[in-house]
Amino acid sequence: MSGILLLEQALNGLQLGLMLFLLAAGLTLVFGIMDMVNLAHGSLYMVGAYLIATATQASGSFWWGLAAGVAGTALFGVLLEVSVLRRLYRRDHVTQVLGTFAILLMCNEAVRMIWGSQPLSLNPPAALSGPVELLPGFFYPAFRLLIIVVGLTTAVLLYLLVTRTRLGMQVRAGASNRDMALAMGTNVQRLFTAVFGLGAALCALAGGMLGPLLAVQVGMGESILILAFVVIVIGGIGSIRGALVGALLVGMVDSGGRTLLPMVFESLFGAALAADAAPAVASILIYVLMAAVLFFKPRGLFPAHG
Amino acid sequence: MVDSDNARTSLHHTLHLRAALPVFLVLLALPHITAALHAEFYVTLATRIAIFALAASSLNLILGFGGLVSFGHAAFVGAGAYTVGILMQHGTVPAAIAWPAAMLVSAGLACLIGFISLRTQGVYFIMITLAFAQMLYYLAVSLKTYGGDDGLPLAGRNTWAGIAPDDTALYYLALGALTLSLLFTQRLLNARFGQVLQGLRENPVRIQALGFPVLRTQLTAFTLAGAMAGLAGTLLANQGGFVSPSMMQWSQSGMLMVMVILGGVGHLYGGVLGAAAFLLLEEVLGHTTEHWQLGLGAMLLAVVLLAPRGLASLRSVWTRSQA
Amino acid sequence: MHLPRFAPSRLVLTAALAAATAGAWAQSTEPVRVGLLSTLSGPGAGLGVDIRDGFQLAVKLNGGKLGGRPAEVIVADDQANPEVGRQTADRLIKRDKVDFMTGIVFSNVMLAVGTPTFASKTFYVSANAGPSQYAGEQCSPYFFSASYQNDNMHEAVGKTVTDKGFKRVALIAPNYPAGKDALTGFKRFYKGEIASETYTALNQLDYGAELSKLRATKPDAVYIFLPGGLGINFIKQFVGAGLSKDITLFGPGFSGDEDVIKAVGDPMLGMFNTSQWGHDMDNAANKKFVAEFEKEYGRLPTLYAAQGYDAARLMDAGVRDSKGKLDDKAAVKKALETAKFDSVRGAFKFNTNHFPIQDYYLRVITRDAKGRVTNRTLGTVFKNHADAYAANCKMPGL
């Protein structure tokens, strides 16, 4: 097995992991601090992708489209929080599931009513639409490199935000022990709105980064949503560090599994069985990973609470 | 976080016979009523509602009464359905064999999954049950011998003493299964086991401190719920005449959860009310517009904001507001 | 002649004649009820919406009638879910008592809906789904396909790839029965070497691993069967990885139709696909269809819309040729089997298993005169092609 294949898979895993991190970061913060199960998180990702696609087509520039879309989704997130989601914080998880599921249905249908049932077109900027030669003989798509760069930068910025700023301190306090943070004088309402808006912006950024690689269509949020939940559960709820580690782990396992499994199965069981069994196992690999992690560490790798 | 949504003054459950008995009698007479109105289709609809009411009630047992939010419950329904389908594929048709087998399979699966999942709590529990359900779903999709994604058609219905039930007979079977399950659940909840289970939902630390076996109680409830779900699955397979992996998708589990929450978590008839409301709403709205999901979402949101403890609690909300 | 003795019977005769005429007149104005069950929500909705739009356009252009009788089209959503499809079909058949059913996009929904539909002796005219089961062993006199049999397009690509002289082809499809059937169909007509045969996961978003494998094995062409969003994902990533320069991309018609083109755009230029229809086909019926569709809906029709349109016109011929006597199932069956109508794809006739024997064409995605990225029909791959399962069909009686 060539070194180039390995390198390519490693980069793919890194890129997928960083995108999952963007989605998971917002989700874990909302869950950790506001203790809210938000099934509509995938809808924010979808709205983000749609807004970016529309803005890109209107302005002719991917970058302006990205900026406009992220800002628009953050605004949408804030409006959603202030009007509806705020009322769900004090409720139990089960009710939150129902409420956010209702919002998910409404978002899906509203997007369909506005943009129609056909998928939208979102393409990378022309400068980044082809491959670059990283090493002699090794080509890697330029846009995926951009994703890696954006992902890493965001991770670093989030780290700085959470550890070096006052807002970040409040976020960590809230995630660790909400009542105590309240007692210490945090303006909870503003903090929650800010966190939600930030989460929405991160979702939109992920939507803009993944849109050129994936179909921009109604329901695109659901498949990503499950992955995001898997990531935060593995990483531990409320922890950004956990979200990063979990995301990278899931990205690597998913990518690597799909490359390595067919080869492993073929050498162990022969080609026919490998062709049948390998994809089936590959599709459940991350669930097996999650189950395994939870078996040994029932609260994830880096739980924030206590 | 305030848990007042589910605070209850009593863990004892009555059958509410004054309200339930008339409804039950109407349901018994339904096939005759629809035949008179030449509206036989509604018997099929009522059967479907009864089946989902059974599935939702089985979820209510662990979710509503046990506080265990399982996001993979549809997998047990699907397991029961697939058992029936696979047995029929291999020539086993009598219900006396197929139905208990299906319930055993789903109960066994529930026991296994519960044993691993119940080590976790809260959202971790939700996710791990989801994970297992997804694994079963993808397994079913890849099994080409039993249809895979295309599904597996059944040659007919399971026979009772050699006779295959028609639509009306199947309706009575479903109604009977639902009734028996509700009666069983009620007795179970009012017995010591059920009191411990509900206690675990309210205050697990205290119950454990009192010396009750936590894992054994929850696992038993989980297994029983799995068996009841399997029964719903056999009825579904018999009614539809086919089984498909889509029965086990996480969106189906989500739908069951929505039904339970809508109907009233922790109320004896929560699953029934929720299933009836949800399916009837879907039926009515689906006629009206292709954008029915918007209307459905809006109504669910309204329920969350206005009738927070589900439809079953509306009566007590009303009586309390009159006081 | 003294007639009072015969007057009562003459009265009876006149009354009977009046009643019969009234009955016939009532029958001729009683609407034909069609149940259009399709995927109208969720990710696959674009396809169902197109079938519906094509069907309703045909009825509209026909004056709101089918076979001279007013048409009542009841539209319902199957949510791409076999269970929902089945119970909705139940409602359409038992409560709304439809005369015809149509519209289903996905084969797994079709297989669930088929059994009760045929059992209730309702005719089904398919505007897309064409599972091999209904072409072969489980064929039914009540099933008619106005589209194609699922394997045909894959077979056509297999032949094209062989004819074009490609020697090493990589195959990619999802790991489920339709995926495996697709590649089997391709291999039935492809005579070269298979560089690799990869089955992907149904929930897969990222094809990095498969693309790396392609880069390593260096085939000269790749054939993909990746329906809907999966195909969009793959094509975007394939082009982004720069592989489209060295490897020619082939797909079946439904992976290269207007809906996918709209979603992907320029990166799709140069992709080949096969279909039994192209919007630039040069016959009167098609020119009218495309012009009217664009006028009514503001977009180019896809394959699905064309099939919906043809399904309506087939039903129109069926009702017309059976003189509106829809209770006479034998007459309707015969009328459908021998229907003469102007299909938008040109010559149309049925095989013994009620699947069409038709031509398949090669299309390429290029820029047209108006600068739009769209399909251009290049040439014929198969003439009068029948499906591979017809011999297995022992058509039962009504």
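# A tour of chains A, B and C

Between chain B and chain A, the rule finds 0 salt bridges. A salt bridge here is a side-chain nitrogen of Lys or Arg within 4 Å of a carboxyl oxygen of Asp or Glu. This is a predicted model: local features need pLDDT of at least 70, side-chain atom pairs count only at pLDDT 80 or more, and totals for chains, interfaces and linings use all residues. Residues are numbered from 1 along each chain as its sequence is written, chains are lettered from A and ligands numbered from 1 in the order in which they are written, and side-chain values use heavy atoms, with hydrogens and water left out.

**Stop 1: chain B against chain A**

Select both chains. The contact (heavy atoms within 4.5 Å) takes 39 residues from chain B and 43 residues from chain A. About 4000 Å² is buried between them, and carbon and sulfur atoms give 77% of that. Buried area is the accessible area (1.4 Å probe) that two parts lose on being put together, summed over both. The rule also finds 5 residue pairs in polar contact, both at pLDDT 80 or more. A polar contact is a pair of N or O atoms within 3.5 Å; within protein, one must be able to donate a hydrogen and the other to accept it, and residues adjacent in sequence count only if both atoms are side-chain atoms.

Now colour three helices of chain B: α5 (122–142), α10 (250–263) and α12 (292–306). Each gives two or more residues to the side that touches chain A. The largest share, 11 residues, comes from α5(B). Helices (H or I, at least four residues) and strands (E, at least two) are DSSP runs, numbered from the N terminus.

**Stop 2: chain A against chain C**

The buried area is about 2900 Å², with 49% from carbon and sulfur atoms. On the chain A side, select A:Gln118, A:Leu214 and A:Arg258. They lose the most area to chain C, together 19% of what that side buries.

How many salt bridges cross the interface of chain A and chain C? The rule finds 2. Show the side chains of C:Asp206 and A:Arg144, which meet in a salt bridge at 2.9 Å, N to O.

**Stop 3: salt bridges in chain C**

The whole structure has 31 salt bridges over all chains. Go to helix α3 (residues 82–94) of chain C. C:Asp90 and C:Lys94 both lie there, 4 residues apart, about one turn of the helix. Their side chains meet in a salt bridge (3.8 Å, N to O). C:Asp90 counts as buried at 14% relative accessibility, while C:Lys94 is partly exposed at 28%. Buried means under 20% relative accessible area, exposed over 50%, partly exposed in between (1.4 Å probe, protein chains only).

Next, select C:Asp359 and C:Lys383. Their closest N and O atoms are 3.1 Å apart, in a salt bridge. C:Asp359 lies in strand β13 and C:Lys383 in strand β14 (residues 373–385), so the pair ties together parts that are 24 residues apart in sequence.

**Stop 4: two loops of chain C**

Find C:Lys218, in the loop between α8 (208–217) and β9 (221–224). C:Lys218 has a positive phi of about 50° although it is not a glycine. Is C:Lys218 buried or exposed? It is exposed, with a relative accessible area of 61%.

Finish at C:His354, in the loop between β12 (349–350) and β13 (356–367). C:His354 is not a glycine, yet its phi is positive, about 65°. C:His354 is buried, at 1% relative accessible area.
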